[in-house]
Amino acid sequence: MRSASKWRLAWRNRDYYVLLIPGLLFLLLFKYTPLYGVLIAFQDFNIFEGIRGSEWVGLEQFHKLIQSDEFGRVFMNTLLISVYKIVLLFPVPVFIALVLNEVRLMFFKRTIQTIIYLPHFLSWVIISGLFVTILSTSGGLVNNIIQWFGGEPVSFFVSNDYFRSVVVFTAGWKESGWNAIVFIAAIAGIDQEQYEAASIDGAGRIRRMLHISLPGILPTVVLMFILRLGSVLDAGTEQILTMYNPVVYETADVIGTFVYRIGLGKMDYSFSTAVGLFNSVVGFILIVSGNYISRKLLKRGIW
Amino acid sequence: MTKRTKGDMLLDIFVYLFLITLGVMMLLPLVNVLSKSVSEEWAITSGKVGILPVGFQLDTLRQVISSSMFIRAFGVSVVVTVAGTLISILMTALTAYPLSKRNLPGISFFMVLFIFTMLFSGGLIPNYLLMRQLHLINNLWVLILPGMISVFNMLVIKSYYESLPEALEESARIDGAKTYTILFRIILPLSMPVIATIALFYAVGYWNDYFGPMIYINDTALKTLQLYLQDVVMDASAANAVNKSVDDLMNMSPEGIRAATVVASTVPILFVYPFLQKYFIKGVLIGSVKG
């Protein structure tokens, strides 16, 4: 009886399901079909034979992956760059949001917001171009300043000592302002009466910032942090691809760029897919458990 | 109002100093490259160009934007961005609608199907092989079709639909309107702020995409602006010489050309950005506060 009424409800609303068809076809073709292609990680894939004709090798590609020195290095690079980005860059947007909230001059606030959101809309290629220009050894602004203070010019883009710093700094430059939006919204959601009550009790603005604004956005901060940890294996593939060169592979090659170089560069499809699958599985576990923790702790999650 | 304490004053000084420094840091690279693009060549190579241009000439910029490669790449990017944004926004706004009807039988299962793809993907090679099989390599459709729906954007639109009052649809239904009429006549017009925001995100995404074209496009005639720009930027820095891809500019300094190309490719975004700012901030707040 109940299931019959369910069918009737569905039939009465068939228009909705019809609307869903294009989206589902898209999913099937472009999202779920590649999942079938993951099988080649367990094969010695031959492009002429296809998945059905290629030889199955079980976990051989994964053995190769664990034993490969190169993969070990790439994995460490990924973790290092990602952890630097989290430690150094995660607090910045929170801080920006707190500081912006103290600005009373609306015109000033709007102007600053307009400026700090802007880099988010520039492509990585453009940002590489900007920083190649500003960090250039032949007349770049930064090296001019270094030389003015009597230092030696630094070739930031071809130095294994500096490349990671360039990656982390430019990532901060691009996204810090934009990432502050979530926290700005969270501050806007804090009950204004709390501020009024606190100032009647004699709390100065610094105290109100530390004891009302900061705790007020803490759940959002924790949620964003947990989600950020979920993408720890994504150190910024497109960014690094536009910036690096063979000289700095040693410190800059991350999983994403490695998959590209091995897969499409050296045509080692199976090995590259195995690396990619490893990446996807670890990422999946991290995100799902991060969301689980966030639901337990904060009663909030992305789904 | 309470009295301003010394601490409050110090805070004010710190706040303004910090934000001004931040703003300058964001603008400096842009100002520097803009100055380089219009400075005299000798000034660039001898490192005299800081914030203000040294001398003034528009020849480099003019040559860059009249180079046949630049024009072609720019055109390809415009076509992909316009077509891609239209298709994406239509697909996303339509798909989000049924998914916003939480009481429909089976709809939560379809939601799971969509969300799963946010968390797990086949990876580079399976995707590449699929595009090859579909004969989409070196076809501009490959830059549009696989990214038609961003599930994240769809969730933002969906949560906006859910925030619209239900009574609106009910009264339309009583007046005899069918699902499609309600969607196109009532829901979509009311959702314009969020749809405009998401359209902007899609447009920026298509315009800025580098990874997609790099993998799937190797036909020179189909190069997008980002691919062309990368050639200029990296060849000029690594080999310190201008590559054949900018053959019409052989007689100019690579530094100046690089700066001018970066400027010419940035201008479209700088131009659109202020007009859309108000929209996207509103839209983002709608999306993030709810989620």
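## A salt bridge between the chains

The side chains of B:D12 and A:R205 meet in a salt bridge, with 3.1 Å from N to O; the term stands for a side-chain nitrogen of Lys or Arg within 4 Å of a carboxyl oxygen of Asp or Glu. The count of salt bridges between chain B and chain A is one.

This is a predicted model, in which local features need pLDDT of at least 70 and side-chain atom pairs count only at pLDDT 80 or more, while totals for chains, interfaces and linings use all residues. Residues are numbered from 1 along each chain as its sequence is written, chains are lettered from A in the order in which they are written, and side-chain values use heavy atoms, with hydrogens and water left out.

## The contact between chain B and chain A

The side of chain B that touches chain A draws its largest share, 21 residues, from helix α1 (residues 6–38) of chain B, where a helix is a DSSP run of H or I with at least four residues, numbered from the N terminus. In total, 100 residues from chain B and 95 residues from chain A take part in the contact, which is counted where heavy atoms lie within 4.5 Å.

Between them the two chains bury about 8,600 Å², and 77% of this is on carbon and sulfur atoms; buried area is the accessible area (1.4 Å probe) that two parts lose on being put together, summed over both.

## Aromatic pairs

Over all chains, the count comes to 36 aromatic pairs. Rings of Phe, Tyr and Trp (its six-membered ring) pair if their centres lie within 6.5 Å, and planes under 30 degrees apart count as stacked, over 60 as edge-to-face and the rest as tilted. One of these pairs is formed by A:F131 and A:W173, which are edge-to-face at 5.3 Å centre to centre, with 80 degrees between the planes. Because A:F131 lies in helix α8 (residues 124–134) and A:W173 in helix α10 (residues 163–188) of chain A, the pair ties together parts that are 42 residues apart in sequence. A:F131 is buried, with a relative accessible area of 5%, and A:W173 is buried too, at 3%; buried means under 20% relative accessible area, exposed over 50%, and partly exposed in between (1.4 Å probe, protein chains only).

In chain B, the ring centres of B:Y97 and B:Y161 are 5.8 Å apart and their planes stand at 85 degrees, so this pair is edge-to-face.

Definitions and conventions. Helices (H or I, at least four residues) and strands (E, at least two) are DSSP runs, numbered from the N terminus.
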